[in-house]
Amino acid sequence: MKIKTLHMAALATSAACLLLGGCSSLGAKSWDRDLMARRSMQPVTHPLIAGADDHIYFSKEGASGGRSFDGGGCGCN
Amino acid sequence: MQLSKRKGRLTAALGLMTAGLFAGAGAHAQQASQNINDDTSTDSGLTRVDTAILFYQEAGGRVKATEPVASFTLNDDSGDVLHVKLTADTLTGATPNGAAPWTHDQTFITPSKTQGQKTTVTSASGNSTLVTIPGTDVTARQYTVAANTLPVDSGFRDQRYAIDLGYTGTRDNGDRLSFGGSYSSEHDYSSMSANVGYARDFNDKNTTASVALNFESDTSKPYFGTPEPLTQMSGTLKGGNRQKTVVDLVAGVSQVMNRYWLMQVNYSLGDTSGYQTDPYRIISVVDGESGAPVRYLYESRPASRLRQSLYIGNKLALWGTVADVSARLYHDSWGINAETLEVAERIPLTSFLYVEPSYRYYHQTRANFFRDYLIDGQALPENASSDSRLASFDASTIGLKLGMRVRGNDELYLRAASYQQTGTSHPSYAVGDLRQENLFTGVKATSVILGYSFAFY
């Protein structure tokens, strides 16, 4: 368990470092963000649908969270 | 009952915290594009109301849910945001009680919500009666499940009401600090939580780093009390309420990769301690030769659970469409490892209409204490549950969303989805006549969400 935890944390840290470290060469200039500014490019375009999906998957599957908190409010697992 | 509830809490809050990537690039709503597919308007200075209703139905007459929800997001010109979300759930139907199916009828007895009465009632299954336990004045509920069918308890009905609050403040340097909380209540369960988060932009707002912490306290209060784990199912009232606490940490980075590509990476760590057993769920103890049920025990789960996940999400604007591709790796201390892959493609149809097909694949391994049943005469394990959510299975979801601009940047949307789990129905280790029974209790479900979102000053 501890090894698995360390592996996943290391993977996350590596991914974050890659983004943060390499970000100076990434990105778009402010005049080049027309596509990025679209509502359709928001990470979550329909929060109520995302919430309903999280609700369903949380109550039917063993895994949860990732995109946001996976807390609970449920005694079922 | 505590079978199908959750809060997708803070999905919106975290979305707000990454909003810096988009800030400053859009126009106000009153200047919204006439084309819903290239709309770059923002809600700065506006109040947005998003309302939706979810209809959810599991095949085979199992759980049915109706969930109206409304959220109100007040945005001021400086970037501060106040968010309120109200949810109501109504759940009915039949849910697996945890026992294995058998070649003959099975009768179960459980404490009744109504004490001191001896009347016959008919549930959705038509097989539920109230009985008085001999020698006592205790009223119990008894129901019979037909041979070769999944044992379900049809006496399932509950309502939940929830409120979520969140506030995100923008500091002079552009950093966002957020606070929030939630409360939900139903007949046999209550939950409250508080959270705090921080987000900062880097690299000319091409990068956002965020961290958020959530504390939650839940109380389980089954109508008949909380049974002692791995004791025999009976009609007598059980113990008192039980609690659990949850602490979650989410750290993430969002990065504009180039003009067309946005990536988000989140690492989540969660610790749950306290009562995590399903008080309504039992597990069969069967004869090791024939597989016949000998007795039924209340299930048991460990009191602690450490969960972690790595989530990678991508949004890609290509050839007029927007692709949403995400993956998640999950691992917890109960032994569950899971992989999730989701793909959606938003395709413009006209200037006011788009369609978005989606597909989701999910796979998990079983929890180390998952058992289809226990064998009579063998030593009881420390924990045991036959809940299909803890079994090894695959699941797939096929969805289709339709969005339509009504006026300005108001939107009417509809999303239908079909969800199906597949698992091992006839495991090789099954004993006796249980080899003939379908031991996988996974679900097949359909959901429809209809929503309308609008904004005003």
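Mentor: We begin with terms: two strands pair if DSSP finds at least two bridges between them. Helices (H or I, at least four residues) and strands (E, at least two) are DSSP runs, numbered from the N terminus. The model is a predicted one, in which local features need pLDDT of at least 70 and side-chain atom pairs count only at pLDDT 80 or more, while totals for chains, interfaces and linings use all residues. Residues are numbered from 1 along each chain as its sequence is written, and chains are lettered from A and ligands numbered from 1 in the order in which they are written.

Trainee: Which residue stands opposite B:K401 in strand 23 of chain B?

Mentor: That residue is B:R415. Strand 22 of chain B and strand 23 (residues 411–423) of chain B are paired antiparallel over 13 bridges.

Trainee: What lies between strand 22 and strand 23 of chain B in their hairpin?

Mentor: There are 5 residues between the strands, and B:G408 takes a positive phi near 55° in this hairpin. A further hairpin joins strand 4 and strand 5 of chain B, again with 5 residues between the strands; there B:G79 has a positive phi near 105°. Strand 4 (residues 64–75) and strand 5 (residues 81–96) of chain B pair in the antiparallel sense over 10 bridges, and B:L86 in strand 5 is the bridge partner of B:A70.

Trainee: In which sense, parallel or antiparallel, do strand 15 and strand 21 of chain B pair?

Mentor: Strands of a sheet pair through backbone hydrogen bonds, in either sense. Strand 15 (residues 282–286) and strand 21 of chain B are parallel, with 2 bridges; B:V286 has B:I375 of strand 21 as its bridge partner. They belong to an open sheet of 3 strands in chain B, ordered 16-15-21, with mixed pairing. Its edge strands, each pairing on one side only, are strand 16 (293–298) and strand 21 (374–375) of chain B.

Trainee: How many helices and strands does chain A have?

Mentor: Chain A has 2 helices and 0 strands, whereas chain B has 1 helix and 24 strands.

Trainee: What share of the residues in chain A is buried?

Mentor: A residue is buried if 20 or more other C-beta atoms, placed from the backbone, lie within 10 Å of its own. Buried residues account for 60% of the 77 residues in chain A and for 46% of the 457 residues in chain B.

Conventions:
A residue is buried if 20 or more other C-beta atoms lie within 10 Å of its own, exposed if 12 or fewer, and partly exposed in between; C-beta atoms are placed from the backbone.
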